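I opened this notebook to record what I looked up in the structure, going from whole chain to single elements.

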Amino acid sequence: MKKLLILGAGTAGTMMANKLRKQLPRDQWEITIVDQFKTHYYQPGFLFIPFGIYTKNDVIKPKSDFFPVGVKVIYSKIDKIQPEENNVLLDNGVKLKYDYLIIATGCKTAPEEVDGLKDKLWYKEIFDFYTVEGAIALADHFKTWKGGDLVVNVSELPYKCPVAPLEFVFYADAFFTERGMRDKVNITFVTPLPGAFTKPRATKMLGELLEEKNINLVPDFAIMEVNNDEKKIVDYGGTEVPFDCLVSIPPNMGDDVISRSGMGDDMNYVPTDKHTLQSNKYENIFVIGDAANLPTSKAGSVAHFAADILEENLMCAIEGRPYTARFDGHANCYIETGFGKGTLIDFNYDTEPLPGSFPFPGLGPFGLLKVSRMNHYGKVMFRWMYWHILLKGKELPINSEMQMAGKKL
Amino acid sequence: MSTKTFAGINVEVNEEGYMTDSSQWTKEIAKEIAKEEGIELTDTHFDVIEFIRSKVASGETLTIRGINKSGVVDAKTFYKLFPGAPLKKATKIAGLQKPESCI
């Protein structure tokens, strides 16, 4: 029996298990997936928790609901990958051998990387919403908050779901407006980027939305420390932003197992060929999702599009053919803008988010870089699609490769 | 794209004044670009510039974190050396492309 081993049963790993179990004959290939946790989190839903729209139960399901028949599942921490010997060591000493390895160990927030972030105000007046614990603590805090300076700070790039911090401030604007206390809440968005987003057109559109909603923007801010006593964040250049409530997007790092295995860069991401998804160093190792150092968004949509590419290329590798699929860095993000509306961006390594319609050229129903109710419904419906279609590796009517049709230059 | 003369050498620069061919770069050119940015280059500046050029040459991404961990200078000193937007200024003076963030 040949062995395919998948490390990580999040969005990317689960999709790959489903796709490859269909591709690889069960009498020839054993597929094993390893993860330390039994709960699958619908991470896009974390955004809704602080505003009381979702509760914890809306974003969790057992991982076991999503594994196909015929895949061996091991719940265990991973000690180390030994890429030279084609071994993975688990915490309990068990050694797993593989012919091919897929690394899908993701990334996670590392608040300890910023001085003073995880200090005495942590989960009292300083929160994150990229963990379920942080999102719930913030929801509780908002229930009785009397208002003041609400500061949302992105620590550094890259971080998961690049639009979520913007969605957060848009939602905060709507939330406090609906509660009749928007005049008591001063919302400031503080980012290391030179504007609201990276690329020119999306930055302009989203920057105008911030202005329209009376949200302050502090760009080019590289955080040095959080001062808990004086309740302010300070950057290396000396700029200070005071807060009464700080919502931080901490630095994101790849999993510790990557650094223990000596396979990562200085943020624990695995150097990966951005087109083939093969490890730069090891022929029989592929990397998918947030664990890779690809120059695109760390987002479920990227993992989803990359999954089609990896499925094809892994089959090429197994059958000894040259790679036929090439990942273009495709990302697709619904952006909630509050008050039941949303916008949408679609882009890749080379093409910035452009206006237009999606997925059907001229028809939509979704509008790119436009604010509409339909885009909001897209986001709302997505949770159902995520649980029922996407994780199970089934087809969606969206191309893995970004399409220019429907986009306006 | 246009041509600019630094230290008597004609170099190609883009619309933001970044050199398009880093192999044309010399220390003399660096000093003149720095002057335009209002910076007088010291040996420490050049240590940082060397580090940045070697990072870029090996295809690595530049980050404040990377500078801070470089052992050359810490992030605070980096900001003092290239005030305001240090990565943008340092890459310009080092004859490299402006760092792009991709998210």
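The entries below concern a predicted model.

**Entry 1: overall form of chain A.** I began with the secondary structure and found seven helices and 24 strands in chain A. I then asked how the radius of gyration of chain A agrees with that of a compact globule. For 409 residues a compact globule would have a value near 22 Å, and chain A has 21 Å, which agrees. The C-alpha trace of chain A spans about 65 × 50 × 40 Å along its principal axes. I noted that buried residues account for 46% of the 409 residues in chain A. Of the contacts in chain A between residues at least 6 apart in sequence, 65% join residues at least 24 apart.

**Entry 2: domains of chain A.** The domain assignment divides chain A into domain 1 (2-106 + 255-318), domain 2 (111-252) and domain 3 (332-390). I looked up domains 1 and 3 of chain A and found their centres, taken over C-alpha atoms, separated by 26 Å. Eleven residues of domain 1 of chain A are in contact with eight residues of domain 3 of chain A. On the domain 1 side, these residues comprise five nonpolar, four polar and two charged.

**Entry 3: a parallel sheet in chain A.** I traced an open sheet of five strands in chain A, with the order β11-β18-β12-β13-β14 and parallel pairing. Which strands stand at the edges? They are β11 (126-127) and β14 (216-218) of chain A; each has a single partner strand, so one side of each is left without a neighbour in the sheet. Within the sheet I examined β12 (residues 148-154) and β18 (residues 245-249) of chain A, which run parallel and are joined by five bridges. In one of these pairings, Val152(A) has Val247(A) of β18(A) as its bridge partner.

**Entry 4: contact between chains.** I next listed the residues at the chain boundary: 15 of chain A are in contact with 14 of chain B. The chain A side consists of eight nonpolar, four polar and three charged residues.

Methods. Residues numbered from 1 in each chain as written. Chains lettered and ligands numbered in written order. Predicted model: local features only at pLDDT ≥ 70, side-chain atom pairs only at ≥ 80, totals over all residues. Contact = placed C-beta atoms within 7 Å. Nonpolar A, V, L, I, M, F, W, Y, C, P; charged D, E, K, R; others polar. Helix = DSSP H or I, 4+ residues; strand = E, 2+ residues; numbered from the N terminus. Rg over C-alpha atoms; globule rule 2.2 N^0.38 Å. Buried ≥ 20, exposed ≤ 12 C-beta atoms within 10 Å, placed from the backbone. Domains from an automatic or database assignment. Pairing = 2+ DSSP bridges.
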